[in-house]
Amino acid sequence: MKNTQIIGMGHYAPERVVTNAELEKWMDTSDQWIRERTGIERRHWISEGEKLEDLAYNASTMALENAGLRASEIDCIIVACIMSDYLFPGTSALLQARLGLPGIPAIDIRNACSGFVYALSIADKFVKTGTYKNVLVVGAEVQSTSLDLSTRGRDIAVIFADGAGAAVVSATDDQNKGVLTTHLHADGNFVDQLCMKKPSVNMRPRLGKELLESDEIYPYMEGRHVFKHAVTRFPEVIKEALEATGYSLEDIDLLIPHQANLRISEAVGKRLGIAPEKVYSNIQEYGNTTAASIPLAMSEAAGKGLIKENDLVCLAAFGAGFTWASALIRF
Ligand code: UT7
């Protein structure tokens with residue numbers, strides 16, 4: 001059986017940088033609160049005219065270049081994102097057209113912050129079964145336009161941001177390298193703790209004037225509740241990956257958790273006894289980019305030389321749904 005190797009990575013964030021100080025202009029918050037509670041120092045937001053598709057495309061072309069592949073060598077595209085430039089079809093179709101690849105499958109995954117690991121897991125199965133040789137797996141997100149920038153929405157508005165990351169995965173005969181295992185979970189009993197309810201398909205008309213006044217058109221999160229679940233689920237799903245492969249915590253060279261909150265990543269590292277320098281964090285620069293956060297962090301870490309040949313890297317995610325997931329990869 002083939003194995004699935006990550007042969008190239010890319011990432012992209014919009015040029016517009018929004019500092020904590022800038023947010024202070026719109027809502028009652030402070031640089032100090034944001035840094036202390038989340039670790040975030042700045043984030044990137046799209047500018048007028050910039051699209052989600054652009055972010056996905058830029059990350060993808062970097063990943064292809066990094067892999068040394070032409071776009072025409074990709075057999076399948078899987079894109080993880082919560083929302084899309086169009087309500088339908090999803091971003092994968094837009095990206096497929098932009099890359100000039102008509103005919104190949106374009107798949108959308110909507111599993112929020114766990115989306116990239118879900119997408120990687122699906123790509124892995126396609127490759128291992130010999131269905132496709134090269135799969136482009138993307139996590140891309142534009143959250144900035146959905147935020148309530150008044151004080152009412154400050155708990156979420158200071159966190160979520162825009163970005164994209166991509167990985168080219170490819171079949172290899174080397175059984176010791178590549179995606180060793182993936183683990184996916186969800187518990188829909190918690191949908192209401194982290195969600196955005198409107199506009200909804202069950203409204204007629206879907207868009208009305210009164211909707212603009214409703215706080216249901218903004219993302220909603222029960223922060224403390226989500227935090228508590230996250231710090232339990234992350235260690236659980238990381239241990240699950242280790243148990244499935246016979247590795248131990250000491251074997252992990254780099255843990256790349258979904259960048260939800262620096263305090264969450266630190267708490268997870270502490271609970272597991274993983275040294276802080278082995279837990280990658282770039283939330284300081286990008287905020288929480290939901291489905292984009294893991295591939296963006298993985299590509300950035302690789303670019304900094306933090307992922308070397310033979311390194312054991314663990315990806316771990318938690319987010320809306322709730323969903324949570326992990327992947328263990330030998331590079
Ligand atoms: O990516 C998907 C997964 N997401 C997560 O895992 C995120 C999990 N949750 C969190 O990261 C944290 O819960 C938050 C960062 C969202 C909030 O931090 P917290 O330490 O849990 O704060 P809190 O919600 O308990 O609020 C503490 C106080 C409240 O004021 P009072 O009631 O104590 O007077 C809030 O109103 O901080 C207030 N507050 C703010 N103050 C200044 C909430 N947001 C802000 C803000 N600026 N932006």
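Modeller: A pocket is an open set of points on a 1 Å grid over the protein atoms alone, each point having protein on both sides within 12 Å along at least five of seven lines. The model is predicted, so local features need pLDDT of at least 70 and side-chain atom pairs pLDDT 80 or more, while totals for chains, interfaces and linings use all residues. Residues are numbered from 1 along each chain as its sequence is written, and side-chain values use heavy atoms, without hydrogens and water.

Biologist: Which pocket is the space taken by the ligand?

Modeller: A molecule sits in a pocket if more than half of its atoms lie within 2 Å of the grid points. The ligand takes the space of the second largest pocket.

Biologist: Which residues around the ligand come nearest?

Modeller: There are 23 residues around the ligand (a heavy atom within 4 Å). Those that come nearest are Thr29, Arg37, Arg224, Asn261 and Asn288.

Biologist: How far from an oxygen atom of the ligand is the side chain of asparagine 288?

Modeller: Polar contacts are pairs of N or O atoms within 3.5 Å. For arginine 263, a side-chain N or O atom is 2.9 Å from a ligand oxygen. A polar side-chain atom of asparagine 261 is 2.7 Å from a ligand oxygen. For an N or O atom in the side chain of asparagine 288, the separation is 2.7 Å.

Biologist: How much of the ligand's accessible area does the protein cover?

Modeller: On its own, the ligand has 950 Å² of accessible area (Shrake-Rupley method, 1.4 Å probe).

Technical notes: A polar contact is a pair of N or O atoms within 3.5 Å; within protein, one must be able to donate a hydrogen and the other to accept it, and residues adjacent in sequence count only if both atoms are side-chain atoms. On a 1 Å grid over the protein atoms alone, a cavity is a set of points where a 1.4 Å probe fits but cannot get out, and a pocket is an open set with protein on both sides within 12 Å along at least five of seven lines; lining residues have an atom within 4 Å of a point.
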